[in-house]
Amino acid sequence: MQFLSFTSGSCGNCYYLGTEAAAGKAAGGILIDAGASMRRVKRVMQDCKLSLDTVHSILVTHDHLDHIRFLGTYCKYLRPRVCATRKLHGALAAHSFTKDHIASCRVVLEENSWNRVGDFEVKFFEVPHDATQTVGYAVRYGERLLVLMTDLEHVTPEAMELAKQADTVVIESNYDYDMLVNGPYPPELKARILNEGHLCNSETAQAIKEFYHPGLKNLFLCHLSGNNNTPEIAYNCALAALEEIGVQKGTVHLRTLERGVPSPVIRL
């Protein structure tokens, strides 16, 4: 399984998971969220010797614009299966950025079940956030399990249990508490981020200490704030958490997924 982040943060969120071609079997892939343009995604994939034409489905985490800004365009030109909950599809059918093109691409994911999406098995879990509905995803391919959770007020028990089984976890590490509290944001926005918006670095670090297990191979920090965090601060906070529980540096592939900057293709 291959992973690629196109961009991660309030500027846009979009990730690729793909399988490699094998004898008698074509490569195939999915996107998680559509906060990066088709043109950008196609260019980055071409640079990585991948093809956007192999993407057959898009999983949607929630209906905030930094996650669905270009979803209507993908539906119009790529015609992928758009996989989301029934409640989220109701919101997308009415959203000005998606309503005109999404109907024929609609796939409703079954609750509390593993759903077949191409070569992948996908299970969603609800997380607290101030959108119509926000979900994380567990994506299984063979013996590999990736869990992605972003835009969440706190890590729920269900998310924690799935992360404890995963070999790859993509988790939000949005802000540094002191930078946010002492920064220039208005009080209303600070309150929204603190109380119902996002995980701070220290909360992410605590979650890491709780879900870490010897089978965890990759840990990617996503949705970093451009104003209230830095990749260095987020990375060092997560690294310190791993070291506190006795995990030697290098045991887990730890990296930040940066705003507007694509990651390399990572083989999971």
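Cys-105 sits in the loop between helix H4 (86–94) and strand E6. Helices (H or I, at least four residues) and strands (E, at least two) are DSSP runs, numbered from the N terminus. The model is predicted: local features need pLDDT of at least 70, side-chain atom pairs count only at pLDDT 80 or more, and totals for chains, interfaces and linings use all residues. Residues are numbered from 1 along each chain as its sequence is written, and side-chain values use heavy atoms, with hydrogens and water left out.

Cys-105 is buried, at 5% relative accessibility. Buried means under 20% relative accessible area, exposed over 50%, and partly exposed in between (1.4 Å probe, protein chains only). Beyond its neighbours within four places in sequence, Cys-105 contacts Cys-75, Arg-79, Pro-80, Arg-81 and Val-82. Contact means heavy atoms within 4.5 Å.

Arg-79, one of the contacts of Cys-105, belongs to the loop between helix H3 (71–77) and strand E5 (81–84). Its phi is positive, about 55°, although Arg-79 is not a glycine. Most residues other than glycine have a negative phi. Arg-79 is partly exposed, with a relative accessible area of 43%. Asn-112 also has a positive phi, near 55°. This residue is placed in the loop between strand E6 (106–108) and strand E7 (115–117). Asn-112 is exposed, at a relative accessible area of 59%.

Two further buried positions were examined. Val-55 lies in strand E4 (residues 55–59) and has 5% relative accessibility. The C-alpha atoms of Val-55 and His-89 are separated by 20 Å, and the two residues are 34 residues apart along the chain. Ser-263 occupies the loop between strand E13 (253–256) and strand E14 (266–267). Ser-263 is buried, at 10% relative accessibility. Its contacts, not counting residues up to four places away in sequence, are Leu-4, Ser-5 and Leu-257.

The largest nonpolar core has 30 residues. Such a core is a set of buried Ala, Val, Leu, Ile, Met, Phe, Trp, Tyr and Cys residues joined through side-chain atoms within 4.5 Å. Met-149, Val-155, Val-169, Ile-171, Phe-211 and Leu-219 touch the most other members. At least two residues each come from strand E8 (120–127), strand E10 (144–149), helix H5 (157–163), strand E11 (168–172), helix H8 (201–211), strand E12 (218–222) and helix H9 (231–244). Another core, of 27 residues, lies apart from this one; among its members are Leu-50, Val-60, Leu-92 and Cys-105. Phe-211 contacts Met-160, Ala-163, Lys-164, Val-169, Ile-171, Leu-216 and Leu-219, again leaving out residues up to four places away in sequence.

The axes of H8 and H9 come within 9 Å and cross at roughly 30°. H8 is therefore roughly parallel to H9. Axes are lines fitted to C-alpha atoms, for helices over the stretch in contact, and angles run from 0 to 180 degrees between N-to-C directions. Angles under 35 degrees count as roughly parallel, over 145 as roughly antiparallel, 65 to 115 as roughly perpendicular and the rest as oblique. H8 contributes Asn-201, Ser-202, Ala-205, Ile-208 and Lys-209 to the contact, and H9 contributes Ile-233, Ala-234, Cys-237, Ala-238, Ala-241, Leu-242 and Glu-244.
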